[in-house]
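Please look through this structure with me before you start your own notes. I have set out my remarks as numbered points.

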Amino acid sequence: MIAIVKEANMLRAMQTDCLLKYIHAFFSPAETKPHEGKRKVESLWPIFRIHHQKTQYIFDLFYKRKAISRELYEYCIKEGYADKNLIATWKKQGYENLCCLRCIQTRDTNFGMNCICQVLKSKLEVGRIIECTHCGCRGCSG
């Protein structure tokens, strides 16, 4: 019985180590990418995208695929590998594809409204390309 517990703990440690290495591999290129010729906000867009991808990956592993344990999920949140507020928002109806929390905060906009990426594409002009000024999203509301 003790051997089974030790083996399970070893598997959990390996799973955690592999996940963290995979997540770290995402961040390295975006941190060192040159930002010459870009606007100040554009240089942060790759970081926002990677943050979203990391959080989405951990969310999928835990809630959809059930591939990681609750302990590992909570560890990832505690250590900052995933954004717990973004995950909590994804659980709410209508926010399943939200790109970042800044896009739904009305205090960051001029007229107290949501970001342009939250406007349905059917409500926009045909052929109009939009980009969120906060994170570079091109429309996460569908």
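The points below go from helices to core, then to charged and aromatic pairs.

1. **Ground rules.** This is a predicted model, in which local features need pLDDT of at least 70, side-chain atom pairs count only at pLDDT 80 or more, and totals for chains, interfaces and linings use all residues. Residues are numbered from 1 along each chain as its sequence is written, and side-chain values use heavy atoms, with hydrogens and water left out.

2. **Words for position.** Helices are DSSP runs of H or I with at least four residues, numbered from the N terminus. Buried means under 20% relative accessible area, exposed means over 50%, and partly exposed lies in between (1.4 Å probe, protein chains only).

3. Find Lys 66 in the loop between helix 2 (45-64) and helix 3 (70-78). Its phi is positive, about 55°, although Lys 66 is not a glycine. Lys 66 is exposed, because its relative accessible area is 62%.

4. Which residues of helix 3 are buried? They are Leu 72, Tyr 73, Cys 76 and Ile 77. Seen down the helix axis, the buried residues fall within an arc of 140°, so they line one face of helix 3. That arc is taken from the directions from the helix axis to the C-beta atoms. On the other side of helix 3, Glu 71 and Lys 78 are exposed. Just after helix 3 comes Gly 80, with a positive phi of about 90°.

5. **The nonpolar core.** The largest nonpolar core has 23 residues. Cys 99, Cys 103 and Cys 117 have the most contacts inside it. The elements giving two or more residues to this core are helix 2, helix 3 and helix 4 (84-90). A nonpolar core here is a set of buried Ala, Val, Leu, Ile, Met, Phe, Trp, Tyr and Cys residues, joined through side-chain atoms within 4.5 Å.

6. The structure holds two salt bridges. The term needs a side-chain nitrogen of Lys or Arg within 4 Å of a carboxyl oxygen of Asp or Glu. Asp 60 and Lys 64 make one of them, with their closest N and O atoms 3.7 Å apart. They are four residues apart in helix 2, so about one helical turn separates Asp 60 from Lys 64. Is Asp 60 buried or exposed? Asp 60 counts as buried, because its relative accessibility is 19%. Lys 64 is exposed, with a relative accessible area of 59%.

7. Arg 70 is partly exposed, at 47% relative accessible area. Glu 74 is partly exposed too, at 44%.

8. **Aromatic pairs.** A pair of aromatic rings is described by the distance of the centres and the angle of the planes. Rings of Phe, Tyr and Trp (its six-membered ring) pair if their centres lie within 6.5 Å; planes under 30 degrees apart count as stacked, over 60 as edge-to-face, and the rest as tilted. By this rule there are five aromatic pairs. Phe 62 and Tyr 63 form an edge-to-face pair, 4.9 Å centre to centre, with 85° between the planes. The rings of Phe 62 and Tyr 73 have centres 4.2 Å apart and planes at 10°, so this pair is stacked. Phe 62 and Tyr 73 are both buried, whereas Tyr 63 is partly exposed at 26% relative accessibility.

9. **The aromatic cluster.** Which residues form one aromatic cluster? Phe 59, Phe 62, Tyr 63, Tyr 73 and Trp 90 do.

10. **A look at helix 4.** Thr 89 sits in helix 4. Thr 89 counts as buried, because its relative accessibility is 9%. Leaving out residues up to four places away in sequence, Thr 89 touches Tyr 95, Leu 98, Leu 101 and Ile 104. Contact means heavy atoms within 4.5 Å.
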